[in-house]
Amino acid sequence: MDIHDYVELTTLALWFISIIGIGIVHFKNKRLEQFRITADDLMKNYVGLYNKESLASDQKINRIVNAVVDGLEAKGFKVEDQDVKDIFAKVAKIINENSSK
């Protein structure tokens, strides 16, 4: 084997690694998109459910956030602290928009 063979083997290895990397990124983005869609659906459903109850706005928000987090975990998603904060902010926004109508 001469130097050209090693260059070709290195090129082939780098090509193979890049294909695997693209596949990993694709599936990770797909999983994040599924997480977002599921969280949005759960938020809309729970906001509609809890709007019928006569609770203070903070109580509604906390109950909805807890229900959404439980629903996501039941569907196999790992919910982290930042996710909970994002869900809390989105639920608060939805509640405030609904109460101002």
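Of the 101 residues of the protein, 24% count as buried, meaning under 20% relative accessible area, with exposed set at over 50% and partly exposed in between (1.4 Å probe, protein chains only). The model is predicted, so local features need a pLDDT of at least 70 and side-chain atom pairs count only at 80 or more, while totals for chains, interfaces and linings use all residues. Residues are numbered from 1 along each chain as its sequence is written, and side-chain values rest on heavy atoms, without hydrogens or water.

Confidence is given as pLDDT, the predictor's score for each residue, from 0 to 100. The protein averages 85. At least 70 is reached by 95% of the residues. Helix α1 has the highest mean, 88. Helix α3 (residues 81-100) has the lowest, 82.

The secondary structure comprises three helices and zero strands. These are DSSP runs numbered from the N terminus (helices: H or I, at least four residues; strands: E, at least two). Along the sequence the pattern reads α-α-α. The C-alpha atoms fill a box of roughly 80 × 25 × 20 Å along the principal axes. The radius of gyration is 22 Å, whereas a compact globule of 101 residues would have one near 13 Å. That radius is taken over C-alpha atoms, and the globule rule is 2.2 Å times the number of residues to the power 0.38.

One aromatic pair is found in the whole structure. F35 and F77 form this pair, edge-to-face, at 5.4 Å centre to centre and 80° between the planes. Rings of Phe, Tyr and Trp (its six-membered ring) pair if their centres lie within 6.5 Å; planes under 30 degrees apart are stacked, over 60 edge-to-face, the rest tilted. The pair links distant parts of the chain, 42 residues apart. F35 sits in helix α1, and F77 in the loop between α2 (57-74) and α3. Both F35 and F77 are buried.

F35 and F77 also line the largest pocket, together with K28, R31, L32, K78, E80 and D83. A pocket is an open set of points on a 1 Å grid over the protein atoms alone, with protein on both sides within 12 Å along at least five of seven lines; lining residues have an atom within 4 Å of a point. Its volume is about 190 Å³. Helix α1 (residues 3-51) gives the most to the lining, four residues. By class, the lining has three nonpolar, no polar and five charged residues.

A39 also lies in helix α1. A39 is buried, at 5% relative accessible area. The C-alpha atoms of A39 and V65 are separated by 10.0 Å.

Definitions and conventions
On a 1 Å grid over the protein atoms alone, a cavity is a set of points where a 1.4 Å probe fits but cannot get out, and a pocket is an open set with protein on both sides within 12 Å along at least five of seven lines; lining residues have an atom within 4 Å of a point. Grid points are joined across faces, edges and corners, and a volume is the space filled by probe spheres set on the points. Ala, Val, Leu, Ile, Met, Phe, Trp, Tyr, Cys and Pro count as nonpolar, Asp, Glu, Lys and Arg as charged, and the others, Gly among them, as polar.
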